[in-house]
Protein chains: 2
Amino acid sequence: MSFDAAVHAKAIELDLLSLDMTAAAGSGHPSSAMSLGHIVTVLMYSHMRWAPEHPTYPTSDRLVLSEGHAVPIVYAACADVGVTIGREGEPGRPMTREDAMSLRAADSMIDGHPNPMEGFPFFDAATGSLGQGLSVAAGLALAARADDLDKRIYCIIGDGEAREGQVWEAVDFIVEHRLSTVVPIFNCNRYGQSDQVSGQQSAATIARKLEAAGMAVITVDGHDPPAIRSALESARDRGAERALVAIVAETVKGWGAASMQAGGWHGKPATGEKLEKARRELMETRARLTSALASTDAFAIRPPEERAAAGRRIDEAPSFGDAMRQYDMASTLAAGRFSTRRAFGLGLRILGHANSSVHVLDADVKNSTFTDLFASDRELSSRFHECRIAEQNMASVGVGLSAGGKTPYMATFSKFVTRAYDQIEMGINSGADLKIVGSHSGISLAADGPSQMSLPDVAWFRSFTTMKDHRGNPGCYVLQPSDAYAAYALTQVMAEYQGCCYMRVFRPDVEFLYDDGTVFNLGGFETLTQGRDLVIATAGYMVHECNKALEHLDKAGVDATLVDLYSLPFDEEKFLDIANDNGGNILVVEDNYGGGLGSAIADACTSGGDAFTVRQMHVRRIPKSARTTDEVMAMCGLDAMSITAEAARMLGVRL
Amino acid sequence: MSFDAAVHAKAIELDLLSLDMTAAAGSGHPSSAMSLGHIVTVLMYSHMRWAPEHPTYPTSDRLVLSEGHAVPIVYAACADVGVTIGREGEPGRPMTREDAMSLRAADSMIDGHPNPMEGFPFFDAATGSLGQGLSVAAGLALAARADDLDKRIYCIIGDGEAREGQVWEAVDFIVEHRLSTVVPIFNCNRYGQSDQVSGQQSAATIARKLEAAGMAVITVDGHDPPAIRSALESARDRGAERALVAIVAETVKGWGAASMQAGGWHGKPATGEKLEKARRELMETRARLTSALASTDAFAIRPPEERAAAGRRIDEAPSFGDAMRQYDMASTLAAGRFSTRRAFGLGLRILGHANSSVHVLDADVKNSTFTDLFASDRELSSRFHECRIAEQNMASVGVGLSAGGKTPYMATFSKFVTRAYDQIEMGINSGADLKIVGSHSGISLAADGPSQMSLPDVAWFRSFTTMKDHRGNPGCYVLQPSDAYAAYALTQVMAEYQGCCYMRVFRPDVEFLYDDGTVFNLGGFETLTQGRDLVIATAGYMVHECNKALEHLDKAGVDATLVDLYSLPFDEEKFLDIANDNGGNILVVEDNYGGGLGSAIADACTSGGDAFTVRQMHVRRIPKSARTTDEVMAMCGLDAMSITAEAARMLGVRL
């Protein structure tokens, strides 16, 4: 049987299974899947170098399905070739047709959209929220480059999906970093969910945009097997010479079954008579295009090159004090003031030397976040990746780097991290080892005003501390170091943990509160002052305002306890014991909108039925610019005097 | 004096003031400002039709400064011409040089980044988080088109900023909707914050990308006054013939002062000797380029056409029952089941007829959110704007529509709203009247899995219920209707309120709980069942699971109260009274991660020092696909039996 006919036969076989599995599930996207039958067949059965029994083998080419809803076609191929499936830490087994038919069932590893953590490690990251896959592919390519692995990353993107700006952030990133191992394949089937795709995302316009960004484009009929093969080979050959090549495939949604090609078929399984009709049409198409029984001897899966996975070197890192002295900052150390953002930058540089898997991502603020200490270190600079002003791409590149075995730190202003919340959540769902560092957090940056202040960020990230990821850990840790020792140490601590962390550092220089002897742990907190009248619980910059308040309170005869709650989640039992020792009086102070520390404490206090009084001081207005941090603190009612007054009010003490 | 020399003289005057005001502030971005001196001068003093004394006059051309950090140059011009400043509802007055010199002061209306709500109504929206302005401009243009106002919207975008994918979402939107009144001006000064701008954002590449997307491009020297004037005139003339024209301006960061043109000057004021040197250099540049004393008789501000603002027609809307009958759904009404998303769609259609200011934005899911009921109504379709799969642009277009006097409803899956959180927060800061409707909320959509489920969304939006916007209202209301009557009614209620709301509707059809007699209010809640043993507080889909639990509990002799907490914030005092009548026992049930309803209640319970027991049931794992809603509820421990068991456990009752 010719290659042409064999691909048709196999594609139709996969199309049929896509129809059957979505019918069994009662939902899903068979018509999108059918637009990809030939491309997936040529890729997975003939072009890609990979091994179904070891889907994550280090030299294996990878497939990122950015338009995750088309996943039945990939599941069909994986069931056909018996790809290994299984959850992390459990023994794998070959996927069967029965697995495919369990699509979307509660106990199935074959989830509604791609998700490696549910037991389908063929995929590197969860997709399904659109526009993120090409960035993930870029991250995988960066990791492969770092490990000198010769593998290619194929990424299938929908035409409607190509409206997402992140796709074009990724294209710019790939061109700028000359990631010629990434092959974007745009699947132009001309139908979105609710309508035809815009002319702005026609095959021709997408091709023009790619060319404008600096990619060569091969446009093919996505149902013409030799044309697909030739395009992939051309992309591979030109890519080997560092040319950037994208494929724009013109396809038919519901290919092969005329009854499924009209609008209105997006995301709908064919069932009953409609299923029978579609199956019949596909069989007729097959009879027309293939002269003999299906046979796959015209192609064979190409195995990957044999090669061990890259190792990871982890050495002990020096203490903050030693690191300062090592980089000739002994006098600064002696002066006793340093910003947490700069301590993070220093910690990251030290960590970079100690841990070969650490990579750093920036969004054109490296001189503000101090990741430039890493970037400008010649031994580390190859692991620093400038993402420019494109936070969405940065986060998904981080997810890709993590899937490639790296420990990515992404840093920008906390406010601009917001831009990537959807990508970060998809990273958490993917089990990504992503470290997110937000600088200029809260309101202490003052002068730039609210467009640069992070205010609901603690509430959002805290939500992930209330649930567990696939490994049984909090979906995310929220870390708020209050001084340089804490920021430096927590930078290291994050790397020792596999999972997502958000560390919030701030702009101003502040006094040291700790020393090299202090141990910081995920889930820990520190009691800075032990009192008995009330607990002031706070974190980050606000620890310093509260410290000042403690002096005023002391003069008024109030003996307050000060807790630096630098981690969420935290040891609630231990905290409530302290609160009980302080008359059950808790004052929480934070430099963000509500739903953060205060709510975390309120949640803890109400779970047991004991009476606590929790007063929450947080930002209760949209802040504006002020020239100094003190002014903005006063404006928001969070200066030391306001904290003192509130504490006194709680206790009925006159100041 | 020639036009050329006059523009140079004025631009240098504005540059000098930009230097002085940032020096006074001790922070800011003078070098970015100086790259725009000539463009802003030609625009504001000669080309735009506008009136400094009425900066929001309906026919006035508008200027959106997307690269908000460059704002000193616009402030300088506004101080020079005496633009009216003043906070909403207060009498305005002309801006002075002293105002400019108060830049970033705590009591100044001249904020660090553009913000109309701080007293600078010349701007339509807050900018400063990059990449959003062109979308705002598109929204302003849509509003102007709807009101048949002949005005043009100029938008200045930085070259580094053009890496943000949202800029290209906006370009696609403008081309697709043929918004030829929008003139994007790319300010290519070649320096970002931490580095030179990428070649992917060079003037030539930006021009190629714009052309690929379907815009004509005029590239100019941004410091050549006649060239700028000619480009603007050409853009105006060709725009009048519906051509889409963008201007790419090659500029110099720190123009006119050689000492400020090196890297490292981003976001830094010149002070002391450096300020003197920069001033001196600018004066020398002026002497070289202008042969005489400054004179502005070569140009004059062009006033806008006289015209009254468009009116707004608001009629009474029929009840849900009447609306159903009106659209021939009496039998569905009688059947007693309907989804909240569909009731929202119906409510929106009815509202569209009753309120002429309502516009609707979709991101290619109109057949899932049921905004297609609005889109396909011929009397309404001109107020429906398809944004395709580009949520960031959709949200900022909404901010622009609001600034143009409209009431925009944007709708997509709640999960995908996440994509636009940064834009939504900037909208809240802008005082935008934005109604955000998320469909397929929580986990009840089941089969598609977590990539389509909204889980930390209630926590994020709730954070805005803990603070106040510039009008003294909550930054956002969070609404979770539990049945079709509630969804329909709240769709109308949102329009009656000026500010941001997030309404969360869900996928499954559910039974009616209310009727046309029920009144729903922002801040309200409903007691569905009055008991005395414990309060079950919930909202949205979970009301139905809790209702089932109530039956089981009743059989076990537990007399539970059921509260539908459909709004956040809510009347805390009234709720705590009910809790006290139920022994202080509260069970909160929600279909999202923590930090939502449960924390809102915990916050309320702990503020007074009384003892309450609050048990929170919420999603505590990353969900996966299941074929039915019941299965996913059981998987997450949120089915009626789990709720029943938890309630019994709280009370020590054996089932």
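1. The side chain of A:Asp172 makes a polar contact, at 2.7 Å, with the side chain of B:Gln201. Please keep in mind, while reading this and the points below, that the model is predicted.

2. As to its place in the chain, A:Asp172 lies in helix α7 of chain A, which covers residues 165–176. The relative accessibility of A:Asp172 is 3%, and because buried means under 20%, this residue counts as buried.

3. If the neighbours within four places in sequence are left aside, A:Asp172 is in contact with A:Ala213 in its own chain, and with B:Arg163, B:Gln200, B:Gln201 and B:Lys209 in chain B.

4. Turning to chain B, strand β20 spans residues 585–589 and is mostly covered, since five of its five residues are buried. Both of its faces are covered, with B:Asn585, B:Leu587 and B:Val589 buried on one side, and B:Ile586 and B:Val588 buried on the other.

5. Strand β17 (residues 534–538) of chain B runs parallel to β20(B) and is joined to it by four bridges. Strand β21 (residues 613–617) of chain B also pairs with β20(B) in the parallel sense, here over five bridges. B:Ile586 can be followed through both pairings, as it is the bridge partner of B:Val535 and stands opposite B:Val614 in β21(B).

6. Finally, the path from β20(B) through helix α23 (residues 597–607) of chain B to β21(B) makes a right-handed β-α-β unit.

Note on methods:
Residues numbered from 1 in each chain as written. Chains lettered and ligands numbered in written order. Predicted model: local features only at pLDDT ≥ 70, side-chain atom pairs only at ≥ 80, totals over all residues. Heavy atoms only, no water. Helix = DSSP H or I, 4+ residues; strand = E, 2+ residues; numbered from the N terminus. Buried < 20%, exposed > 50% of the residue type's maximum accessible area, 1.4 Å probe, protein only. Polar contact = N/O pair within 3.5 Å; in protein donor to acceptor, adjacent residues only side chain to side chain. Contact = heavy atoms within 4.5 Å. Pairing = 2+ DSSP bridges. Right-handed = clockwise from strand over helix to strand, strands pointing away.
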